[in-house]
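I opened this notebook to keep track of what I look up in the structure. The entries follow in the order in which I made them.

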Protein chains: 4
Amino acid sequence: MTLTPEQQAEIAEARAHSRPTLRATADGMEKHLYVAHPILDHGLVRVIDYMGDDAAITQAARVSYGRGTKAVQNDEGLIRYLMRHWHSTPFVMCEVKFHVKLPVFVARQWIRHRTANVNEYSARYSVVQDRFYHPVAQDIRQQSAANRQGGDQPMDSLTAREFCNWLDEIEKTYEKYEYFIEKGVARELARIALPASVYTEWYWKIDLHNLLHFLSLRMDPHAQQEIRDYASAMFELIRPIVPVAAEAFVDYNLQSMHLTRLEIEALRTGTPLATENKRENAEWDQKKARLGMSNPE
Amino acid sequence: MTLTPEQQAEIAEARAHSRPTLRATADGMEKHLYVAHPILDHGLVRVIDYMGDDAAITQAARVSYGRGTKAVQNDEGLIRYLMRHWHSTPFVMCEVKFHVKLPVFVARQWIRHRTANVNEYSARYSVVQDRFYHPVAQDIRQQSAANRQGGDQPMDSLTAREFCNWLDEIEKTYEKYEYFIEKGVARELARIALPASVYTEWYWKIDLHNLLHFLSLRMDPHAQQEIRDYASAMFELIRPIVPVAAEAFVDYNLQSMHLTRLEIEALRTGTPLATENKRENAEWDQKKARLGMSNPE
Amino acid sequence: MTLTPEQQAEIAEARAHSRPTLRATADGMEKHLYVAHPILDHGLVRVIDYMGDDAAITQAARVSYGRGTKAVQNDEGLIRYLMRHWHSTPFVMCEVKFHVKLPVFVARQWIRHRTANVNEYSARYSVVQDRFYHPVAQDIRQQSAANRQGGDQPMDSLTAREFCNWLDEIEKTYEKYEYFIEKGVARELARIALPASVYTEWYWKIDLHNLLHFLSLRMDPHAQQEIRDYASAMFELIRPIVPVAAEAFVDYNLQSMHLTRLEIEALRTGTPLATENKRENAEWDQKKARLGMSNPE
Amino acid sequence: MTLTPEQQAEIAEARAHSRPTLRATADGMEKHLYVAHPILDHGLVRVIDYMGDDAAITQAARVSYGRGTKAVQNDEGLIRYLMRHWHSTPFVMCEVKFHVKLPVFVARQWIRHRTANVNEYSARYSVVQDRFYHPVAQDIRQQSAANRQGGDQPMDSLTAREFCNWLDEIEKTYEKYEYFIEKGVARELARIALPASVYTEWYWKIDLHNLLHFLSLRMDPHAQQEIRDYASAMFELIRPIVPVAAEAFVDYNLQSMHLTRLEIEALRTGTPLATENKRENAEWDQKKARLGMSNPE
């Protein structure tokens with residue numbers, strides 16, 4: 001992503017004037033508020049507003065669970081407890097607003113998370129910009145047979161280059177799009193020819209609980225690589241707002257494991273999983289490996 | 001839309017076996033349950049399940065407002081009263097599930113209504129089908145200067161034909177898409193080259209209150225013509241489930257008018273609107289015309 | 001409401017330290033951030049955090065509707081346009097967090113608005129405080145025959161005083177509650193004897209669009225007086241955050257009028273309403289009176 | 001709960017007439033549709049409508065994940081896979097509508113689940129009925145020191161009886177309530193003296209995914225016993241609608257276990273938990289016990 005001088009000036013302008021406030025303020029966040037973090041080839045994500053911090057979480061928890069919580073748990077212990085048990089209500093008391101530029105195919109996955117507020121650039125009102133996601137040849141992935149969702153393995157370089165050439169062709173669509181816009185064709189019609197790789201942008205505002213839920217799904221290895229790039233960057237961006245909650249999220253969510261009734265039983269009794277379902281057994285093998293219980297040959 | 005013989009057989013099969021139920025049943029709906037209604041060139045919408053009827057609305061209203069309502073108002077009067085005052089809670093007690101095939105650019109507008117449940121065909125897991133929305137030349141609309149959103153006026157026929165030819169070109173993208181899928185490129189990547197005119201499909205389930213809200217926005221003349229086609233068809237589809245509510249919706253919502261404080265004041269005193277805002281005055285002129293109060297000359 | 005010295009100290013402490021921020025800041029709001037506004041006899045409402053201002057609304061609208069909007073409309077004109085057409089998405093980009101003390105029967109009405117985040121004081125974890133809503137005798141209202149919801153007319157003073165005496169009796173329940181808590185009865189059980197007049201408290205966080213929707217319903221004359229007191233105070237509290245949007249809300253929502261298809265037809269043709277429904281005719285009479293079109297004798 | 005003859009007649013009437021439908025129908029559910037299941041002393045829960053069955057879940061999953069899923073997984077395997085990975089979207093395609101009578105203090109916990117539709121009996125419009133939750137002496141629980149939420153241990157019988165006598169006193173409030181209603185005091189005011197043990201009723205409609213989430217929280221041992229009684233009964237009620245999903249819910253949710261990063265590490269390396277937090281260590285001890293890894297001693 002290269003910011004235009006105009007955009008750089010806008011950001012500099014927004015960062016030039018600080019004002020006094022009585023609200024909770026996260027110094028670590030203030031340091032990069034408004035600053036654009038490049039994602040993919042032309043995308044970006046930046047925080048443009050936020051509400052609350054770690055203290056807002058404990059404040060909300062203490063109104064729910066009573067002042068007595070103060071005596072028994074310090075703030076960090078309380079936040080970690082809340083995260084461990086995925087108590088949602090105190091975390092919803094923080095809010096973050098992002099500005100994101102992203103390809104349409106990523107936007108289509110993203111929008112499925114319905115618990116956020118969105119204002120998207122409208123291709124009915126406005127002329128779409130000439131920006132397309134164009135991965136480089138080594139990022140062209142194979143369809144995976146096992147994991148039907150995506151692919152981790154790179155394509156052979158010949159096909160990858162062929163694919164990239166095709167994307168070059170596709171992007172030329174823009175010239176014709178522009179031509180018909182100038183001819184006076186309705187924008188809402190002209191845009192239907194543009195590919196899913198074209199960039200759009202939006203403001204996206206969400207509370208911390210739902211943001212963490214979004215991140216846990218979209219930082220997951222099963223998510224498409226392109227949206228994972230956004231999710232990982234966003235997690236780093238919000239860490240300075242809620243450092244304690246963010247670390248607890250890693251310990252109790254991102255790097256946690258879920259054991260089913262059958263797996264608990266297998267562990268407890270030292271017997272195989274009580275099902276012949278192949279996929280379920282494969283999942284159990286993966287978990288055992290992570291628990292250091294891989295079967296001997 | 002031409003249904004494949006396979007799809008026709010599926011529908012015939014679904015309609016072949018009726019089962020007894022103690023639930024509320026809408027005979028008018030049963031007559032065309034599962035039946036596909038063609039929209040645009042390859043799209044369709046059909047109702048595949050429903051819950052509740054007009055009586056479910058009054059039943060819910062009566063638990064809220066007490067049995068006494070029975071004495072003073074008959075069912076029709078009660079439903080019309082609830083609709084007139086846009087009381088949401090009794091209407092949410094009905095639910096409709098649709099199956100829809102629609103172009104991606106329509107899906108992108110549609111999904112903004114967050115109060116529904118969606119299961120969409122996944123272009124990560126599955127191969128996208130070779131179906132594109134391709135309006136005919138006389139449906140290619142001009143950008144409107146006044147209404148920045150869309151366009152009602154047709155383009156000159158020369159440009160329109162040129163535009164249609166362009167869409168023909170765009171659709172050839174599919175051959176290359178198919179080629180790369182066969183080569184083993186990840187589906188999630190290959191699909192990024194497909195245009196917004198490509199068809200997708202989904203199940204979409206929503207309660208009656210939110211459905212009516214969706215319809216009031218998407219049957220509006222300011223909505224894009226293509227989504228209006230879906231919305232209008234859906235309204236006709238659900239009428240037999242809730243005939244009384246549907247008629248009340250026309251009288252009290254679709255064909256209603258909103259007067260602002262300034263407009264009320266203008267009407268009351270017979271004076272011009274107390275603002276020089278051009279757009280607001282233009283809106284007032286339109287309303288006056290509808291009220292039969294157009295200014296002479 | 002009398003704040004305890006401890007609570008006053010907490011507020012003073014929160015207001016003592018301002019910090020620099022790069023975020024949008026509403027000076028008018030900062031002046032009374034955290035300050036408690038008394039409602040009813042022991043209730044309060046105060047803003048404890050906020051995100052965004054009028055400029056955040058136009059910023060969001062402009063990403064949706066394109067930069068071109070800047071040319072044709074100034075900020076005020078744009079906000080008023082958005083409000084006039086009840087465009088929700090730009091207003092959701094502002095957020096407000098309240099701290100509220102309120103009787104349980106008010107909380108029960110309030111919580112029905114599901115589009116907000118809530119952290120309520122828990123009567124399972126904590127001991128309920130000895131605070132009850134106790135209206136004075138002249139505020140004891142009659143059941144209205146016409147308006148089945150509430151009552152505007154005061155009761156005769158004898159019954160009113162009798163009613164107040166009853167409330168005095170009811171409040172003595174607290175002594176027994178306290179007694180059983182001390183005896184060790186589970187809080188979750190002891191509280192079931194407490195009346196709906198007992199006070200609870202919560203943090204309540206909501207975006208501006210949904211807040212305005214809440215206010216339009218709860219500032220309405222049909223809402224119960226006690227919740228109207230909260231809603232009216234909250235509207236005054238948030239005015240300094242979004243002064244332009246707040247004024248537009250008055251003009252285009254609070255003091256607006258909705259005309260049905262039948263009413264439009266009656267106005268246009270100068271004929272009576274095409275229905276014999278008494279309630280609908282009574283509503284039409286009220287609207288006509290407001291429009292200065294009362295029938296002559 | 002004793003149903004009045006009138007209510008019994010209503011249920012018999014609703015069950016008397018079956019109609020043919022083309023919709024998915026669950027025979028096991030039809031057998032007890034509308035039938036009231038008693039909960040607590042005067043409460044009830046019953047299913048009054050439903051949409052979808054196990055097949056609706058797989059149908060929705062297959063539109064998302066492609067027809068290919070049919071080849072590799074049978075319906076049961078697919079549902080179990082979806083549940084194991086808590087994929088929400090296919091489960092939202094089923095919907096259940098309940099009629100519930102419940103004490104107000106239970107309703108207050110229940111309503112916190114915001115993803116459902118509710119129509120509650122209004123104490124502003126209607127006269128509240130003379131029904132109060134009154135646990136018997138052996139069900140009066142102690143406050144637990146360890147678990148700050150509730151209590152499992154019974155109170156000593158003397159205090160328990162004293163407590164029950166107090167509840168008897170409290171219920172006499174109803175006579176005065178009725179007296180003031182007859183005197184003409186507004187219902188919305190008279191009800192503020194009624195205790196949280198008074199019964200209310202509502203229709204509650206929710207999709208299967210959110211219902212299962214509600215049940216997993218409210219069937220949990222940490223939930224208050226009274227709401228657990230409702231949740232457990234509801235789970236049994238809906239089993240015949242979605243028998244496969246219900247069983248998968250038991251295996252993969254109700255009886256599952258969550259391991260944190262620290263616990264995984266402790267298991268893998270055979271070392272103590274890398275934290276001195278007492279509560280976290282106590283939680284780990286409980287999990288180890290369940291996994292058959294209790295410490296010696």
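**Entry 1: a helix in chain D**

I looked up burial in H5(D) and found D:Leu78, D:Ile79, D:Arg80, D:Tyr81, D:Leu82, D:Met83 and D:Arg84 buried. I call a residue buried if 20 or more other C-beta atoms lie within 10 Å of its own, exposed if 12 or fewer, and partly exposed in between, with C-beta atoms placed from the backbone. Helix H5 of chain D spans residues 75-84 and is mostly covered, with 7 of its 10 residues buried. Helices (H or I, at least four residues) and strands (E, at least two) are DSSP runs, numbered from the N terminus. Just after H5(D), I noted a positive phi of about 45 degrees at D:Trp86.

**Entry 2: ground rules**

This is a predicted model, in which local features need pLDDT of at least 70 and side-chain atom pairs count only at pLDDT 80 or more, while totals for chains, interfaces and linings use all residues. Residues are numbered from 1 along each chain as its sequence is written, and chains are lettered from A and ligands numbered from 1 in the order in which they are written.

**Entry 3: chains A and C**

I looked up the contact and found 41 residues from chain A and 41 residues from chain C. Two residues are in contact if their C-beta atoms, placed from the backbone, lie within 7 Å. On the side of chain A that touches chain C, E6(A) gives the most, 5 residues. That side divides into 18 nonpolar, 12 polar and 11 charged residues. Here Ala, Val, Leu, Ile, Met, Phe, Trp, Tyr, Cys and Pro count as nonpolar, Asp, Glu, Lys and Arg as charged, and the others, Gly among them, as polar.

I then checked the strands: E1(A) and E1(C) (residues 19-21) run antiparallel and are joined by 3 bridges. Strands pair if DSSP finds at least two bridges between them. A:Arg19 stands opposite C:Thr21 in E1(C).

**Entry 4: chains A and B**

This contact takes 39 residues from chain B and 39 residues from chain A. H7(B) provides the largest share of chain B's side, 5 residues.

I looked up how the copies are related: a rotation of 180 degrees with 0.0 Å of shift along its axis superposes chain B on chain A, RMSD 0.0 Å. That is the relation of a two-fold axis. In chain B, the C-alpha nearest the axis belongs to B:Pro195, 1.9 Å from it.

Methods: Least-squares fit on C-alpha atoms with pLDDT ≥ 70 in both.
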